[in-house]
Amino acid sequence: MSGVITVVPDCNNNQVSATLTFNEANGGFGGFNVLVDGTATADSPYTYAASGSNSVNVLINGDGQTIPLKCKTWTTGLVPLPLQ
């Protein structure tokens, strides 16, 4: 699995919207979790898109610091996504 993270620059209450997009064919039935700084988002687990093209919006701290974002699938484990 590979993916892209796009962060929108406008901040709202010190939060920035980040969109994670990745392709995954035949994802696990349990879906996947998105971890922000090691903690699963409140909406996790997410269901894989039938098309294989997945997209998830999450809020992250807009403090200018590096924040690790990962997807955790039930079949392949943690997969770090590159930040752009």
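User: What percentage of the 84 residues in the protein chain is buried?

Analyst: Keep in mind that this is a predicted model. A residue is called buried when its relative accessible area is under 20%. Going by that cut-off, the buried share of the chain's 84 residues comes to 35%.

User: How many strands are there in the protein chain?

Analyst: Start with the helices: there are 0 of them. Read along the sequence, the pattern goes β-β-β-β-β-β-β. So the strand count is 7.

User: What kind of aromatic pair do Phe22 and Phe32 form?

Analyst: The structure holds 3 aromatic pairs. In the one made by Phe22 and Phe32, the centres are 5.1 Å apart and the planes sit at 80 degrees. Planes over 60 degrees apart get their own label, so the pair counts as edge-to-face.

User: Which strands hold Phe22 and Phe32?

Analyst: These two are 10 residues apart, and their pair links distant parts of the chain. Phe22 is buried at a relative accessible area of 3%, and Phe32 is buried at 1%. Phe22 lies in strand 2 (residues 15-23), and Phe32 lies in strand 3 (residues 32-36).

User: Why does the pair of Phe32 and Tyr48 tie together parts that are 16 residues apart in sequence?

Analyst: Both Phe32 and Tyr48 are buried. Their ring centres are 4.9 Å apart with planes at 45 degrees, so this pair is tilted. The tie comes about because Phe32 belongs to strand 3, while Tyr48 is in the loop between strand 4 (39-40) and strand 5 (53-61).

User: Which residues do ring pairs link into a cluster?

Analyst: Phe22 pairs with Phe32, and the ring of Phe32 also pairs with that of Tyr48. Tyr46 is in the cluster too.

Key: Residues numbered from 1 in each chain as written. Predicted model: local features only at pLDDT ≥ 70, side-chain atom pairs only at ≥ 80, totals over all residues. Heavy atoms only, no water. Helix = DSSP H or I, 4+ residues; strand = E, 2+ residues; numbered from the N terminus. Buried < 20%, exposed > 50% of the residue type's maximum accessible area, 1.4 Å probe, protein only. Phe/Tyr/Trp six-rings, centres within 6.5 Å; stacked < 30°, edge-to-face > 60°.
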